[in-house]
Amino acid sequence: MILVGQYDSPYVRRVAVSLRVLGFAYAHDTRSVFADFDAMREINPLGRIPALVLDGGEVLIDSAAILDWLDQTVGPGRALVAPAGVERRRALRLIALATGAIDKVGAAAYERLIRPAALRWLEWIARCRTQGEGAIAALAAEPWPPGENLDQAEITTACMIRYVRMADPDLLPPSRHPTLDALSARCEALPAFQATWPAEYVLPKDA
Ligand SMILES: N[C@@H](CCC(=O)N[C@@H](CS)C(=O)NCC(=O)O)C(=O)O
């Protein structure tokens, strides 16, 4: 199978880490969602990453749908989200907070860094950053005990932490949230995270 998208996207990265944790081999297509927009749209009509091209040619789009397919494929015993009950509800809540933080911090970063200065909407940037900070603080209030196996809430939250530290580091400086520092350090030490480490945040205008 082929994973399309670069690892500075936390959505691509959470899929890549999940594939590796579950033992799936994949080829990596690093075309840029901005610089290679037309080629990207041939794979995903939305022109977004990630996409996962399965061996038979079927294309899965959207990280949540890809991760759902992965969990279905490995079955409930190995799935990265619990199949039912309070554990599943907790996982989905934490994942929604982490992906929501990514969306809000990402929206503010695009507005701050890409939009021409004269057109920037400062109140909107402040609102997005407040929303991102709220989600990050809620995640930091969780205990994050190291379990026997990594789960999707941990993977997505660790990918969010790295992304925020690239895109808007003032929102998550070291030591502000020790629980998240510990989660990040524990995850980033694992081979699946090291193999997908995004060294820098590539701005669309540079892509
Ligand atoms: N809900 C989507 C979000 C994916 C997403 O936002 N991808 C970004 C990169 S991080 C992208 O492709 N942005 C380009 C665009 O939307 O034009 C998912 O979970 O896959």
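Predicted model: local features only at pLDDT ≥ 70, side-chain atom pairs only at ≥ 80, totals over all residues.
Hi everyone, thanks for coming. Let me start with the overall picture. The protein has 8 helices and 4 strands. Reading from the N terminus, the elements go β-α-β-α-β-β-α-α-α-α-α-α. The C-alpha atoms fill a box of roughly 50 × 40 × 30 Å along the principal axes. Is the radius of gyration in agreement or in disagreement with that of a compact globule? It agrees, because a compact globule of 207 residues would come out near 17 Å, and the protein has 17 Å. As for burial, 47% of the 207 residues are buried.

Which residues are around it? The list is Ser 9, Tyr 11, Val 33, Phe 34, Arg 48, Ile 49, Pro 50, Asp 62 and Ser 63. With Asp 62 it is the side chain, where an N or O atom is 3.1 Å from a ligand nitrogen. Then there is Ser 63, with a polar side-chain atom 2.6 Å from an oxygen atom of the ligand. How much of the ligand does the protein bury? Taken alone, the ligand exposes 500 Å², and the protein buries 76% of that.

In the chain, Phe 34 sits in the loop between strand S2 (27-29) and helix H2 (37-43). Phe 34 counts as partly exposed because its relative accessible area is 40%, between the 20% and 50% limits.

Next, the charges. Side chains of opposite charge can pair when their charged atoms come close. Across the whole structure, a search finds 11 salt bridges.

One is Glu 142 with Arg 93, where the closest N and O atoms are 2.8 Å apart. This pair links distant parts of the chain: Glu 142 is in the loop between helix H5 (122-140) and helix H6 (152-167), while Arg 93 is in helix H4 (residues 85-113), 49 residues apart. Is Glu 142 buried or exposed? Its relative accessibility is 12%, so Glu 142 counts as buried, whereas Arg 93 is partly exposed at 43%. Arg 90 joins in as well: Arg 90, Arg 93 and Glu 142 are linked in a network of salt bridges.

Another pair is Asp 168 and Arg 129, whose side chains meet at 2.7 Å, N to O. Here too the pair links distant parts of the chain, with Asp 168 in the loop between H6 and helix H7 (178-188) and Arg 129 in helix H5, 39 residues apart. Asp 168 is buried, at 3% relative accessibility, and Arg 129 is partly exposed, at 24%.

Glu 111 has a relative accessible area of 8% and is buried, while Arg 115, at 37%, is partly exposed.

That's my tour, and I'm happy to take questions.

Methods:
Residues numbered from 1 in each chain as written. Heavy atoms only, no water. Helix = DSSP H or I, 4+ residues; strand = E, 2+ residues; numbered from the N terminus. Buried < 20%, exposed > 50% of the residue type's maximum accessible area, 1.4 Å probe, protein only. Near = heavy atom within 4 Å. Polar contact = N/O pair within 3.5 Å; in protein donor to acceptor, adjacent residues only side chain to side chain. Areas by Shrake-Rupley, 256 points an atom, 1.4 Å probe, with all protein chains shown as cover. Rg over C-alpha atoms; globule rule 2.2 N^0.38 Å. Salt bridge = Lys/Arg side-chain N within 4 Å of Asp/Glu carboxyl O.
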